[in-house]
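Here's a quick tour of some aromatic rings, charges over rings and backbone angles. Have a look at the model before reading on.

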Amino acid sequence: MRVNEKYSTLPAEDRSVHIINICAIEDIGYLPSEGTLLNSLSVDPDAECKHGLYFRDGRRKVDYILVYHPKRPSGSRTLARRVQHGDAAPAARGARQDRPLPGKGDVGAAGGPEPPTDYHEDDKRFRREEYEGNLLEAGLELERDEETKIHGVGFVKIHAPWNVLCREAEFLKLKMPTKKLYHINETRGLLKKINSVLQKITDPIQPKVAGHRPQTTKRLSYPFSREKQHLFDLSDKDSFFDSKTRSTIVYEILKRTTCTKAKYSMGQGEGRKKDSALLSKRRKCSKYGITSLLANGVYSAAYPLHDGDYEGENVEFNDRKLLYQEWASYGVFYKYQPIDLVRKYFGEKIGLYFAWLGVYTQMLIPASVVGIIVFLYGCATVDENIPSMEMCDQRHNITMCPLCDKTCSYWKMSSACATARASHLFDNPATVFFSVFMALWAATFMEHWKRKQMRLNYRWDLTGFEEEEEAVKDHPRAEYEARVLEKSLRKESKSKERRHIPEESTNKWKQRVKTAMAGVKLTDKVKLTWRDRFPAYVTNLVSIVFMIAVTFAIVLGVIIYRISTAAALAMNSSPSVRSNIRVTVTATAVIINLVVIILLDEVYGCIARWLTKIEVPKTEKSFEERLIFKAFLLKFVNSYTPIFYVAFFKGRFVGRPGDYVYIFRSFRMEECAPGGCLMELCIQLSIIMLGKQLIQNNLFEIGIPKMKKFIRYLRLRRQSPPDHDEYGKKRQRYEADYTLEPFAGLTPEYMEMIIQFGFVTLFVASFPLAPLFALLNNIIEIRLDAKKFVTELRRPVAVRAKDIGIWYNILRGVGKLAVIINAFVISFTSDFIPRLVYLYMYSQNGTMHGFVNHTLSSFNVSDFQNGTAPNDPLDLGYEVQICRYKDYREPPWSEHKYDISKDFWAVLAARLAFVIVFQNLVMFMSDFVDWVIPDIPKDISQQIHKEKVLMVELFMREEQGKQRLLGTWMEKDRKKDEPCNSHGPKAGLDSPEYPGGAL
């Protein structure tokens with residue numbers, strides 16, 4: 001077999017060009033080195049002190065781990081036994097050819113047929129053997145360990161030798177630091193002094209991590225090339241590729257290595273049904289290996305190792321321990337994050353998440369300060385607020401209409417004094433200023449993050465990353481390949497049926513198997529179209545609409561609960577209960593909403609993932625973006641629907657006394673308090689926001705991983721030998737990491753922060769303290785997430801990324817939507833606009849005296865509908881003739897009684913005008929901030945340009961050196977040839993005899 005055929009799964013005539021088949025020479029590392037054994041025979045007795053971070057020889061580092069559940073049938077030799085007595089690669093290939101195959105009725109060592117239950121285990125074992133053989137052919141080195149402390153679990157340790165690392169680094173275009181050092185341009189003059197002072201001030205809150213300080217020099221980076229190894233500092237090859245890079249390289253090999261070359265006997269023995277199931281399984285791993293093998297249970301887990309333990313006296317110092325001390329500890333909550341170390345250990349994608357979270361948390365500090373000032377302003381002016389003073393003044397003796405039919409009686413407006421005073425804390429002129437400020441804050445935050453992102457891209461050598469990102473984006477998913485292969489097989493089968501080609505069943509089945517094994521050729525021609533995905537699209541649309549309808553139905557149910565509970569409490573004989581009806585109903589309803597939101601969030605997350613899977617997106621990037629969009633849509637509706645109801649619908653469609661609007665002809669729509677619905681909106685927003693942060697984001701993140709870890713511990717203790725505790729102390733690194741929780745992606749982390757960002761910006765006009773509570777939560781959230789990544793999760797595979805992806809667009813969308821929503825909250829939910837209209841159009845003395853009476857309409861109690869009047873009309877101690885209600889309507893003595901008055905239209909026009917002016921003004925100011933602040937800092941753009949110039953100069957000097965060396969060689973050749981040419985005919989420089997003429 002030629003070297004460039006070792007990755008191929010197709011016959012030679014069907015093979016197309018692949019990235020890994022470009023070179024056809026043995027020195028690029030496709031052949032495994034001599035002596036590579038799956039189970040090493042030479043064991044270093046001192047290697048046990050490495051705690052499983054190295055092979056048994058103590059020299060080769062473990063870069064990746066594959067986990068499986070070994071179940072060996074008697075009488076069959078495994079790949080591990082074969083390779084102990086011969087060369088690894090031939091043994092791997094021979095194992096697939098010489099092994100007894102399932103479906104032939106093979107007789108084991110006991111002389112009887114294998115039980116039917118071993119069929120699937122044999123299939124998994126065959127695929128593992130074939131896959132591991134292909135990994136050996138790819139140049140990786142493997143070592144198996146089945147004698148572990150964990151019962152029934154086997155591990156395959158993978159090591160990437162130097163030649164494989166160099167080959168893959170070149171394929172992946174990894175930028176590596178060269179020997180060339182250059183000085184970074186430093187600020188001068190006043191800016192330098194300011195930066196020096198700031199560094200001294202912030203020195204106590206800087207993490208004690210090497211390289212965290214601003215650097216004055218930087219190494220020039222260049223995509224790794226084996227031909228230009230002299231450019232790189234290879235003095236220490238063991239540390240040139242760090243553990244993050246090594247695991248990334250191995251994972252790329254695991255993804256593209258195939259498992260489709262095993263030769264099974266199809267259509268015999270166990271019968272066609274089992275063979276069909278086997279073929280179906282084979283299709284699922286037809287092109288890309290490890291993801292499909294994990295999905296099919298061939299391997300139970302695959303992960304890179306942590307660098308070592310993070311706590312203990314005798315633990316060797318490593319990056320994980322340093323992260324635990326300087327980042328994942330609650331005692332360092334006041335310090336900056338060591339973002340460069342986080343990126344070094346976890347990769348750029350996770351590093352960017354924590355960098356974004358840090359920038360967001362820092363930006364919440366000024367927003368929290370301004371929000372506290374606005375709140376304190378409301379507290380300071382509450383006693384000077386004339387409308388609330390009039391509502392609390394019992395001398396006005398304003399009698400209000402009943403809040404419900406029959407059971408509710410008339411009530412005094414002064415009884416709502418506490419609600420009116422509390423409303424002023426959030427409904428005051430400073431609220432409008434704060435809404436404008438938060439809109440500009442959101443725009444500034446987005447621009448600040450873009451600049452920070454560019455600085456990180458420069459520091460982490462991610463400039464010019466677009467080309468590689470496009471290549472990764474086009475990498476198909478295993479599920480997509482499986483669906484395309486199924487479609488191609490159906491298409492081929494239909495074409496044969498139309499041609500009516502006679503063919504025996506056995507030959508036809510073999511042809512199908514051959515076609516399935518050569519599925520790459522078919523999938524290159526066939527693609528999934530919108531017709532193939534149409535059922536999935538319909539299912540997505542129907543499911544999303546249904547889920548949104550469920551959310552609306554739950555909100556409607558809570559509304560009915562509020563109405564019925566208020567009516568029931570109104571019949572209570574206790575005066576204290578009746579006086580606190582609004583508070584009781586609002587608080588209990590909000591708690592119900594909170595519980596429902598938390599439960600539905602978990603359900604909607606699972607539904608969004610299932611809906612995305614049935615769409616079968618082509619690439620991982622497409623899958624992630626579709627999943628994020630669906631999950632965000634469902635969770636956004638789930639979290640904000642109750643708040644939207646209180647802000648924009650409650651009290652809007654009530655009707656009037658004598659002509660109320662009813663739900664199901666039984667429940668009268670609830671009204672806002674005389675002070676407006678803003679106070680209730682504040683209560684709703686604060687309880688839901690704080691409840692989600694406390695319960696869902698913190699308790700769930702702490703409690704659920706601890707509970708899962710405890711359950712796994714109990715399960716392992718039940719399955720392991722009695723001396724499990726003693727074994728646990730001696731557990732190898734890969735065994736300890738296996739007990740950790742698998743990494744599930746960053747989508748949940750981003751999602752909770754985006755929802756919080758919505759609480760901070762969308763309804764900030766009703767709750768100025770939202771940024772403060774978000775700040776306090778995020779200070780804990782950063783350390784909580786850090787501790788989870790360092791101590792609770794398996795080490796994720798490092799993924800390179802230059803931005804936060806679709807989340808940035810979602811943030812911008814939420815910021816734009818916040819401007820519109822806050823405009824409507826100020827104009828329609830609060831009394832800010834009615835107060836302005838009264839002050840400038842109706843006030844006789846230019847003050848707010850008489851405003852409350854102006855907003856109330858009158859109703860003659862004799863106009864109540866039959867059966868809706870209060871059962872106890874004398875509850876206040878006197879007979880009521882006229883009651884008041886909040887609306888702009890004509891009085892009962894008017895010619896057009898109870899019709900909407902002209903005051904209503906004046907206020908409505910002012911409200912709409914305010915929305916238009918506020919929205920356009922704030923949008924203009926936000927765009928102006930976006931335009932004024934450049935996306936790329938000037939110093940970074942200069943450094944990027946400087947790097948390009950230095951790179952050109954480096955290669956120019958290299959070419960000049962080559963030319964001088966070539967000229968020296970030519971001169972030496974000319975001097976050697978002169979004695980010979982002096983005796984022969986003269987030949988010019990262009991003569992064919994001149995050795996250098998061709999040059």
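Are tryptophan 356 and tyrosine 750 buried or exposed? In this predicted model, tryptophan 356 and tyrosine 750 are both buried.

**Aromatic pairs**

The count of aromatic pairs comes to 52. Take tryptophan 356 and tyrosine 750: their ring centres lie 5.7 Å apart with the planes at 50 degrees, so this pair is a tilted one. Why tilted? Planes have to be under 30 degrees apart to count as stacked and over 60 to count as edge-to-face, so the rest go down as tilted. The two partners also tie together distant parts of the chain, 394 residues apart. Tryptophan 356 belongs to helix H12 (residues 348-380), while tyrosine 750 belongs to helix H27 (residues 747-761).

**Charges over rings**

Two arginines sit over aromatic rings, as follows.

| Arginine | Ring | Distance from ring centre |
|---|---|---|
| arginine 226 | phenylalanine 171 | 6.0 Å |
| arginine 795 | tyrosine 345 | 3.9 Å |

For arginine 795, what sits over the tyrosine ring is the charged end of the side chain.

**Positive phi angles**

Most residues other than glycine have a negative phi. Lysine 173 is in the loop between helix H4 (162-172) and strand S4 (175-183), and its relative accessibility of 48% makes it partly exposed.

Aspartate 461 isn't a glycine either, yet its phi is positive at about 60 degrees. You'll find aspartate 461 in the loop that runs between helix H15 (429-459) and helix H16 (466-473).

Methods: Residues numbered from 1 in each chain as written. Predicted model: local features only at pLDDT ≥ 70, side-chain atom pairs only at ≥ 80, totals over all residues. Heavy atoms only, no water. Phe/Tyr/Trp six-rings, centres within 6.5 Å; stacked < 30°, edge-to-face > 60°. Helix = DSSP H or I, 4+ residues; strand = E, 2+ residues; numbered from the N terminus. Buried < 20%, exposed > 50% of the residue type's maximum accessible area, 1.4 Å probe, protein only. Lys NZ or Arg CZ within 6 Å of the ring centre and 35° of its normal.
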